[in-house]
Amino acid sequence: MSAPATSDSQTRVTPPIQPPPSTTYDPHEASAFESWRSSLSQLTGLGLTPEETAARDARLKAEKEAGDWTHCEKWKNSLMNRSPSVVFMLKHLKIAGCPFTADSIQCHPCPPTRSGGFSPEHGILLCQDRFFSKRHMEDTIVHEMIHAFDHCRFDVKWLDLRHHACSEIRAANLSGDCKWTREVRRGFYAFSKQHQACVKRRAVLSVEANPSCKDRAMAERAVNEVWESCFKDTRPFDEIY
């Protein structure tokens, strides 16, 4: 007897057996994965050994300092060529016999408590990672140039608190360091004699850091003793700009 016929709807086709995925080691894929893992670890800091973390932190710090230095130098050179107040001070420093070049104004990392400084031996320091705007740098350069002008023109004895106080009064007064917007940013604002209060406060703070100064009272006394004459002295400007 013949076997019963099977309808098409009952037909079952057995799929071919697929071979298992290849487990062959591919060095190119492994290398690409390791490169990706390493890049992610360097970016996030996760999964690094203490030695790798220290090396990463040093590299990031060096990269940041290089970027800060480039940015600082770009602004500095622009201001030395285009800022009316900086160009004016460069002119008068030259007239006084103390010409300043770009090499006389150096960008370097600094502690967070300062944005610049002046040294008779080294010139002007700009704290490359402390400027929140180009105008801030402009004010700082002019401030330090006033100190340079005073040192050149008047032979300032910096350990003499009265000499130091006078130059600090003039620098804070003439540089734009005490304009209203800067004081508001610092949290100080008033509608009467704010400029004078700022100049005196900042002069006292600077003199207080002098090695010859014993305490704040001594700094305040030095500033008060020379206040009237030094606040009125606007050289080389004709007036407060």
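This is a predicted model: local features need pLDDT of at least 70, side-chain atom pairs count only at pLDDT 80 or more; totals for chains, interfaces and linings use all residues.
Local features were considered at pLDDT of at least 70 and side-chain atom pairs only at pLDDT 80 or more, whereas totals for chains, interfaces and linings use all residues. Residues are numbered from 1 along each chain as its sequence is written, and side-chain values use heavy atoms, with hydrogens and water left out.

The secondary structure of the chain comprises eight helices and three strands, taken as DSSP runs numbered from the N terminus (helices, H or I, at least four residues; strands, E, at least two). From the N terminus on, these elements follow the order α-α-α-β-β-β-α-α-α-α-α. Of the 241 residues, 36% count as buried, where buried means under 20% relative accessible area, exposed over 50%, and partly exposed in between (1.4 Å probe, protein chains only). Among contacts with a separation of 6 or more, 57% are accounted for by residues 24 or more positions apart, a contact being heavy atoms within 4.5 Å.

The largest pocket holds about 970 Å³ of space; a pocket is here an open set of points on a 1 Å grid over the protein atoms alone, where a 1.4 Å probe fits, with protein on both sides within 12 Å along at least five of seven lines, and lining residues have an atom within 4 Å of a point. The volume is the space filled by probe spheres set on the points, which are joined across faces, edges and corners. Of its 31 lining residues, Arg114, Gly116, His143, Glu144 and Ser206 are the closest to the centre of the pocket. Strand S2 (116-119) and helices H4 (134-154), H5 (161-174), H6 (180-186) and H7 (194-208) each supply at least two lining residues, and H4 gives the most, with five.

Helix H7 has 15 residues and reaches 21 Å from its first C-alpha to its last, close to the expected 21 Å, the expected span being 1.5 Å times one less than the number of residues. Its buried residues are Gln194, Cys198, Val199, Arg201, Ala203, Val204 and Val207.

Aspartate 155, in the loop between H4 and H5, has a positive phi of about 55 degrees although it is not a glycine, and is partly exposed, with a relative accessible area of 44%. In the segment after helix H8 (216-232), a cis peptide bond joins arginine 235 and proline 236, with omega about 5 degrees.
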